[in-house]
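Hi everyone, thanks for coming. I'd like to walk you through a structure I've been looking at, one piece at a time. Let me put it up on the screen.

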Amino acid sequence: MPQTPLDVLAPYFFSGTAEGEKRILKEVFIPTGQMAEVLNLPEGNPRILVGAKGIGKSAMLHRFYEATRAQKLPALFLTPSDLDLRPLQGHYDLSTIERTLFRCLVRAVAVHIGTQLGGLLRNSDKKLRDEALKEGLIEEDFIERGVKLLSAVARPATNIDFAQLARDLAGGTSDASLLGSITGHMEASSSVMLLLFDDTDQVASPDEPKELNRIWGMLHALRDLASRVPQIKVVATLRSEVWTRLRDPVGNRETLDHFHGCVLHLRGSEALLDSIVQRRIFKAAEKASKAPVRDPWSLFFEGSEVQIPGAGPGHTRGWRSFLVTNSRERARDLIQFVSFLLQTAKARLAETPPGAGQQARITSSDVARALPRFSKTRLDDLATEVGKTCPQFSGIAESFCTLSFELRYDELRQHLAKLPSRFSIQVRGKSLRPDSHDAAEQLLALLFETGFINARVDDPNQPRGYRHLTFADRPELTDPAHVNEARAARWDVHPVFRSHLLQIKPAPRRS
């Protein structure tokens with residue numbers, strides 16, 4: 001059966017996860033504008049990449065790993081699943097956890113050096129590796145042998161083409177800032193090895209307060225490794241909601257100052273998401289058409305604009321802008337949204353009798369059918385992300401179905417203050433009192449932090465005369481000290497959640 005353009009497009013918009021896109025990641029990877037900062041590795045410390053779920057942390061590490069391997073730069077890609085965490089059982093104090101996790105980390109790295117980088121070891125080092133992994137060695141001896149093994153596998157920096165590595169990570173273009181970061185923090189070393197540690201928070205259950213020390217312990221262990229073996233450059237990832245929990249008073253926040261210079265908050269801008277969708281559409285068009293295509297989007301989408309569901313006739317937006325706006329600045333949302341539309345379009349075509357003249361493209365009618373389902377899945381996902389912080393998050397979000405999606409500050413606070421009288425609400429383990437300023441402040445801060453609502457402020461320099469402020473832009477905006485600025489803003493429910501809220505909006509009463 002011949003492929004339709006939608007069949008060609010489907011592999012480029014599948015899961016949005018780095019694991020599910022390994023085959024095409026090199027082809028479609030778009031580097032974040034923060035890549036130079038990512039590689040501005042603190043001396044003797046790890047670089048901790050903090051970002052929202054689905055923003056592209058794992059994809060960045062996977063691409064970094066593949067690019068370094070192409071340059072024959074020794075690199076290991078690890079996750080907590082590669083560590084034997086059984087020795088942690090029964091330990092909850094930070095110092096013991098840190099020591100235990102450091103041993104687990106050194107052992108895991110030694111194993112992976114043997115299986116993945118064994119060809120880089122001399123015979124004497126291979127013997128060292130084998131001895132380091134034998135059971136029964138005293139801990140001090142094991143650690144010293146393990147650290148020595150890590151130093152042995154690092155490669156002389158003079159043998160690495162850092163300029164080519166920079167081009168690979170910059171998508172084939174010449175990026176002076178990226179090259180400067182690489183050469184300044186890798187080439188300056190006599191020898192280099194890279195350790196990429198993904199999903200750091202999975203070393204524990206971050207929803208359990210007593211296990212937060214495990215995550216701190218893992219961060220300390222990574223820092224200890226980078227400090228003890230300067231040749232190793234460590235880059236690790238951590239979800240932003242977990243970092244927020246670590247900063248709570250119950251999260252051992254006194255260790256925060258150890259990592260201020262290590263943490264880099266990743267942001268997914270609309271410009272970045274626009275580049276991501278453009279690259280994938282263009283790559284799919286190259287495969288779908290043997291001849292050059294003036295407008296690749298026309299192969300897969302009907303018309304140049306989409307009718308916005310529920311907005312009334314005449315309310316349209318360009319396909320690119322519409323997709324990006326509904327993606328919460330997360331690359332995974334963008335990819336999965338197009339996947340939803342593809343599935344809906346294919347189902348429509350399958351239901352269409354042959355010869356009925358249906359176009360094998362994504363249409364506005366497909367958007368109208370798919371968007372409410374996609375909107376609900378995003379809200380469900382968000383409620384799961386913050387479920388331990390606020391188990392009633394879905395009910396709070398769905399209460400906005402009776403309101404305008406663009407609210408004044410006082411109107412928003414009045415609504416939030418009344419919610420605890422409608423149903424019981426807990427935030428971080430504490431019940432909120434009805435009709436209280438404290439309840440309104442905590443709920444507003446939570447909704448802003450999660451991205452359910454954003455602030456809109458006037459800005460004559462912008463095309464539409466305003467710009468949105470997210471939590472990443474101004475995390476302190478909901479603090480009482482900034483009430484005048486918050487009151488001057490309008491507060492918008494994020495567009496991706498609106499379709500679901502419209503679906504559950506009560507029908508108007510008949511008089």
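Leaving aside residues up to four places away in sequence, Gln34 touches Leu264, His265, Leu266 and Arg267. You'll find Gln34 in the loop between α2 and α3, the helix at 35-38. So is Gln34 buried or exposed? It counts as buried, because its relative accessibility is 13% and the cut-off for buried is under 20%. There's also a polar detail here: a polar atom of the Gln34 side chain lies 2.8 Å from the backbone oxygen of His265.

Before we go on, keep in mind that this is a predicted model. Okay, let's zoom out. The protein has 20 helices and 14 strands, and 51% of its 511 residues count as buried. Now take the contacts between residues at least 6 apart in sequence: 71% of them join residues at least 24 apart.

Now look at which of its residues are buried: Leu272, Leu273, Ile276, Val277, Gln278, Arg280, Ile281, Ala284 and Ala285. Here's a handy rule for reading a list like that. An α-helix has 3.6 residues a turn, so residues three or four places apart point the same way. And what covers the buried residues of α12? The cover includes α1 (5-9), α2 (22-28), α13 (319-325) and α14 (331-351).

On to the aromatic rings. There are 13 aromatic pairs in the structure. Take Phe448 and Trp491: their ring centres are 5.5 Å apart and their planes sit at 80°, so we call this pair edge-to-face. Phe448 belongs to helix α18 (residues 437-450) and Trp491 to strand β14 (residues 490-493), so the pair ties together parts that are 43 residues apart in sequence. Phe448 is buried, at 1% relative accessibility, and Trp491 is buried too, at 1%. Elsewhere, ring pairs join Phe322, Phe337, Phe340 and Phe374 into a cluster. Rings can also have a charge over them: the charged end of Arg456 sits over the ring of Tyr466, 4.8 Å from the ring's centre.

Now for two arginines with a backbone angle to look at. Arg328 isn't a glycine, yet its phi is positive, about 55°. Arg328 is in the loop between α13 and α14, and it is buried, with a relative accessible area of 11%. Arg428 is the other one, with a positive phi near 50°, and again it is a residue other than glycine. Where does Arg428 sit? In the loop between β10 (426-427) and β11 (430-431). Arg428 is partly exposed, with a relative accessible area of 40%.

Notes: Residues are numbered from 1 along each chain as its sequence is written. This is a predicted model: local features need pLDDT of at least 70, side-chain atom pairs count only at pLDDT 80 or more; totals for chains, interfaces and linings use all residues. Side-chain values use heavy atoms; hydrogens and water are left out. Rings of Phe, Tyr and Trp (its six-membered ring) pair if their centres lie within 6.5 Å; planes under 30 degrees apart count as stacked, over 60 as edge-to-face and the rest as tilted. Helices (H or I, at least four residues) and strands (E, at least two) are DSSP runs, numbered from the N terminus. Buried means under 20% relative accessible area, exposed over 50%, partly exposed in between (1.4 Å probe, protein chains only). A charge sits over a ring if NZ of Lys or CZ of Arg is within 6 Å of the ring centre and within 35 degrees of the ring normal. Contact means heavy atoms within 4.5 Å. A polar contact is a pair of N or O atoms within 3.5 Å; within protein, one must be able to donate a hydrogen and the other to accept it, and residues adjacent in sequence count only if both atoms are side-chain atoms.
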